[in-house]
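Subject: Structure handover

Dear colleague,

Please find the structure below, with the sequence. My notes on what was found in it follow.

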Amino acid sequence: MPRINSPDELEKVRQEVLSRRDPNEPCISICAGAGCLASGAGEVISAFQAEIDKQGLKREVNTKGTGCPGFCERGPVVVIYPEEICYLQVKPEDVPEIVSQTIKEKKVVDRLLYVDPSTGEKATCESDIPFYKNQERILLSSNIKIDPKNIDDYLAIGGYSALPKVLFQMTSDEVVEEVKKSNLRGRGGGGFPAGRKWEGSRNAPEPIKYVIVNADEGDPGAFMDRAVLEGNPHSVLEGLIIGAYAVGSHEGYIYVRQEYPLAVENVNIAIRQAEEYGFLGKNILGSGFDFIVKVHQGAGAFVCGESTALMTALEGRAGEPRPKYIRSNVVGLWGRPSVLNNVETWANVPLIINKGADWFTQYGTESSKGTKIFSLVGKINNTGLVEVPMGITLKDIIYKIGGGIPGGKRFKAVQTGGPSGGCIPEELLDLEVGFDELSKVGSMMGSGGMIVMDEDTCMVDVSRYFLNFLTDESCGKCVPCREGIRQMLKILTNITQGKGKESDIELLEELSETAKEAALCALGKSAPNPFLSTLQYFRDEYEAHIKEKRCPALSCKELISYYIDPEKCKACTICGRKCPSDAIQGGKNLIHIVDQEKCTKCGTCLEVCPSRYDAVRKISGEPVPPPIPEEARTVVRKSKQK
Amino acid sequence: MEKDRIDQIIDKHHSEPSSLIQVLLEIQAENHWLPKEALERIAERLQVPMTRVQHIATFYKAFSLVPKGRHQIHVCMGTACHVRGASRVLDTVEGLTGIRPGETDLDLKFSLETVNCLGCCALGPVVEIDGKAHGKMAPAQTAEVLTNYE
């Protein structure tokens, strides 16, 4: 492919790509995102290729592995164009039927469609499925249409059209103004207005500047940046090049965690293709603007998601944050002005340029504009990525899109903002989602993790979990974080083990205040949030653990016991056979008893006990009833009574 | 690991001191751990003090200074897996292998690590063995899966 040297040539190339594609030609898109690959999408893709070959359709049918459309719960997801038929949970053995029925005969395979659990109605297209219907997918909707390894796919959906517009029709001032007008705020957690960040860098006197993509998505339970970078890397690149032009930078970095090997691979391929086509390198599209991008892999440190720590890591040193007396957009990487934005922020830029700031600001609330991708996970029916307009209520996300809580359980809380965020209880579910709205209730937007918890989740344990994570990830540079969080973790661990003292809550509050005031970076400053927000809304749970040594959610191992109800046990011996630690005494026709000494509380007995007996239960805060006497243990079966 | 191969990797990065992390990552990926000789060679070729090489090699989680087992077990401890019972799965893996996170057994069969989110939350709790994800794990299934590895 020769380099493209002008906007006209680009349009010619685009037309040529489109002319090679017949919109009526069948195309099979199979999600090859990490979630679907883990549920077997790799085998499904091979099965499709083999079947297409076998049926001699290779010329007429295009098969491709695409980025993640978001519905991970029902993966692997397959969409058949041009009809846009959406099949879910496809297995390799379904493939021959799909090819012969849908591709050849144009018939829908009913059993692979989405079935609405409440109405029983089937949905043929993506857009009919409630999970998708209630979203506003301006970024994610392209994922299923493009093969991320093929730049032509991105060109075919109108990609790289914002770039020539910026390079030839706008001054860098105008670009910054447009982004400022859109009020695009950083999607990585901080929520700082991107336009103002860019402006600060552009006005800085130092001539060499950098632009950086933060793809060090470390929040556990969050994977939206990965989906964008894996599924549509060119959209991020295009945004980055536009940003570079706006601030006057000629060198950019993409910092991506090595735990995302597919993202690293796809972004490297994308850079190579963009260089070939002339979107990167010297004299881009003949405009005279030069820009190169390098990929830097993270080596596994959560703190490197913090902007100054990330820049330190880019310099080849241990990723420790610096104090931000001067912002990094003025003094950043190698002491030079550096604009660092998150993947999702960059991906929004081409859309804002193409469609205008006014289009972007039609979505959202007063202070938070546009859409946001959340990863909706935990105790929720439809796990996956959801893109919603800012201002939607939590209730709509969890019930309309997420389909509610599985197993008929009761909703307890939703945790947003990753380890630095907080838990929001049921009474606040009508809250509108936005940067400031979430901060007001003691949580935060964060990068967009949304973890749903039900009645079985212990809130003290959740706060212990996050502090454990943060203790592990604290870089150790400043004392309030290194020592303070560790002490908080110790106290919380004691509480979950039934060793809590009356004064613990006050001590935790005091440590929280110190960390908030004195820690160097956002990791330490926000580390007490999980504790403070759970204390605010679930103080009774803390008190039950401390005063009654009881875990109301029956989750903390040290505070619960497993018990077999002698009235219900039918001596079926399943639990005894499955118990990994031989802690169940019993046998044929003999009521089973849990040996509390041997029990490791793994919960296997509860899981395997047939639901029609429902004999195993957890108890907390009260003594285990004594085992029933030997002579009463024999089970007399009804059939043998006569 | 061959000294020539280490040199090749260093040359690929033009002996840039700022590429220290990238060089270490490549060696870790190929060799699965960082032998002392490799670290010394890197310090010498990149002109970086040994203390800094060691600082990096111990600061970041991706690096190991001890040999790893034939099979790498990663138990996901991400929030979504945690609320679905990942700690019980981890307990079972620890019990079956006799090692704790960060350790390798004496036969060099398994190395156990915990990770903070593999990004397949729909399948939680997830245990990844040699790159293959096993989803919806419960203690009993964990035992079954582990017996498949020699």
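The buried residues of α16(A) pack against one helix, α5 (130-133), and against the strands β11 (371-378), β12 (384-389), β13 (411-416), β14 (422-425) and β15 (449-454), in chain A throughout. Please keep in mind that this is a predicted model.

Helix α16 of chain A covers residues 394-401, and its buried residues are L394(A), I397(A), I398(A) and I401(A). Viewed down the axis of α16(A), these buried residues fall within an arc of 120°, so they line one face of the helix. After α16(A) comes G403(A), which has a positive phi, near 75°.

Two of the strands that α16(A) packs against, β11(A) and β12(A), are also paired with each other: they are antiparallel and share six bridges. β12(A) itself is mostly covered, with five of its six residues buried.

Elsewhere in chain A, T514(A) sits in helix α20, residues 504-518. T514(A) counts as partly exposed because 16 other C-beta atoms lie within 10 Å; a residue would need 20 or more to be buried, and 12 or fewer to be exposed. Leaving aside residues up to four places away in sequence, T514(A) touches P480(A) and G484(A). G484(A) is 30 residues away in sequence, and its C-alpha is 7.9 Å from that of T514(A).

Turning to chain B, the assignment divides it into domain 1 (3-59) and domain 2 (71-146). The centres of these two domains, taken over C-alpha atoms, are 30 Å apart.

Helix α1 of chain B, residues 3-12, has I6(B), I9(B) and I10(B) as its buried residues. They span an arc of only 100° around the axis, which puts them on the same side of α1(B). The other side of α1(B) carries the exposed residues D4(B), Q8(B), D11(B) and K12(B). The buried residues of α1(B) pack against α2 and α3 (36-46) of chain B. H14(B) follows α1(B) and has a positive phi, near 55°.

Chain B also has an open sheet of four strands, in the order β2-β1-β3-β4, with mixed pairing. The edges are β2 (110-115) and β4 (132-134) of chain B; each has a single partner strand, so one side of each is left without a neighbour in the sheet. On average, neighbouring strands of this sheet are turned by 25° against each other, direction ignored. Strand β3(B), residues 127-129, runs antiparallel to β4(B) and is joined to it by three bridges. Within that pair, I129(B) is opposite K132(B) of β4(B). Helix α6 (residues 86-97) of chain B lies across β1 (71-76), β2 and β3 of chain B, at about 155° to β1(B).

Last, the contact between the chains: 35 residues of chain B are in contact with 40 residues of chain A. On the chain B side, α2 (20-31), α4 (50-59), α5 (79-83), α6 and α7 (139-146) each supply at least two of the residues that touch chain A. That side of chain B is made up of 21 nonpolar, eleven polar and three charged residues.

Regards

Methods:
Residues numbered from 1 in each chain as written. Chains lettered and ligands numbered in written order. Predicted model: local features only at pLDDT ≥ 70, side-chain atom pairs only at ≥ 80, totals over all residues. Contact = placed C-beta atoms within 7 Å. Pairing = 2+ DSSP bridges. Axes fitted to C-alpha atoms, helices over the stretch in contact; angles between N-to-C directions. Arc of directions from axis to C-beta. Domains from an automatic or database assignment. Nonpolar A, V, L, I, M, F, W, Y, C, P; charged D, E, K, R; others polar.
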